[in-house]
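Open the model in your viewer and keep the sequence panel beside it. This tour goes stop by stop: what to select, then what is there.

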Amino acid sequence: MQEGPVQIGAILSEEEWLAEEDLWEDVGGSDHTGWWCVRTDPFPCPGPDCSFVAEFMTAAHLVLVWQDRDDPNLLWHAQRAKEVGRNPRIVEYSPSFGASASYYAWEAAGRPVHGVKGKTPASHQ
């Protein structure tokens, strides 16, 4: 079994791959009502055989939220979504959008993304 974090170019056994397939959860348990998120045109999850379609900037199927509407990271991600044609709009988060995660909690967890292995914390990929 693989020891330590998965490195780029590492080969995973099927057992190791399946063990990593659980989606990350923001365990903070915070109610993010009134925080801000980036709504976009629908786009599919990059995970193989995953039918999830996002309408917000997400990570592991969780709507990423920021406490401040003018947070530099929120604005950067909205700009990035614009550059790839996703028609971003900064909107106030509502629980009706689905489960959420604080952008900074997600970043502190190593920026896990469903279906994309080997991501490492880095400045704006």
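A search of the whole structure turns up zero disulfides. Keep in mind that this is a predicted model.

Select Cys45. It is in no disulfide, and the nearest cysteine sulfur, that of Cys50, is 3.7 Å away. A disulfide would need the two sulfur atoms within 2.5 Å. Is Cys45 buried or exposed? Cys45 is buried, with a relative accessible area of 12%. Now select Cys37. Its relative accessibility is 0%, so Cys37 counts as buried too.

**Whole chain**

Zoom out and colour by secondary structure. The protein has three helices and six strands. In sequence order they read α-β-β-β-β-α-β-β-α. The accessible area is about 7,600 Å², and carbon and sulfur atoms hold 52% of it. Of the 125 residues, 31% count as buried. Now think about contacts. Taking pairs at least 6 apart in sequence, 65% join residues at least 24 apart.

**Confidence**

The mean for the protein is 77, and 66% of the residues reach 70 or more. Where is confidence lowest, and where is it highest? The lowest is in helix α1 (residues 14–20), with a mean of 41, and the highest is in β5, at 98. Select residues 9–21: pLDDT is below 50 there, and the stretch has 15 contacts in the model beyond near neighbours in sequence. Then select residues 117–125. Here too pLDDT stays under 50, and the model has 20 contacts for them beyond four places in sequence. Where pLDDT is low, the predicted coordinates should not be read in detail.

**The sheet**

Select strands β1, β2 and β5. They form an open sheet in the order β2-β1-β5, with antiparallel pairing. β2 (53–56) and β5 (89–92) stand at the edges, each with a single partner strand, so one side of each has no neighbour in the sheet. Look along the sheet: the twist averages 45° from one strand to the next.

Zoom in on β1 (residues 36–44) and β2. Three bridges join this antiparallel pair. Which residue in β2 is the bridge partner of Arg39? It is Phe56.

**Thr40**

Stay in strand β1 and select Thr40. At 2% relative accessibility, Thr40 counts as buried, because the cut-off is under 20%. Show its contacts beyond four places in sequence. Thr40 is in contact with Glu55, Phe56 and Met57, with Ala81, and with Arg86, Asn87, Pro88 and Arg89.

**Leu64**

Last stop: strand β4 (residues 62–65), where you will find Leu64. Its relative accessibility is 3%, so Leu64 is also buried. What does Leu64 touch, leaving out residues up to four places away in sequence? The partners are Trp36, Cys37, Met57, Thr58, Ala59, Ala101, Tyr103 and Trp106. Cys37 is the buried cysteine from the opening stop.

Finish with a distance label. Pick the C-alpha atoms of Leu64 and Ser102. These residues are 38 apart along the chain, yet their C-alpha atoms are separated by 5.8 Å.

Note on methods: Residues numbered from 1 in each chain as written. Predicted model: local features only at pLDDT ≥ 70, side-chain atom pairs only at ≥ 80, totals over all residues. Heavy atoms only, no water. Helix = DSSP H or I, 4+ residues; strand = E, 2+ residues; numbered from the N terminus. Buried < 20%, exposed > 50% of the residue type's maximum accessible area, 1.4 Å probe, protein only. Contact = heavy atoms within 4.5 Å. Areas by Shrake-Rupley, 256 points an atom, 1.4 Å probe, with all protein chains shown as cover. Pairing = 2+ DSSP bridges. Axes fitted to C-alpha atoms, helices over the stretch in contact; angles between N-to-C directions. pLDDT = per-residue confidence, 0-100.
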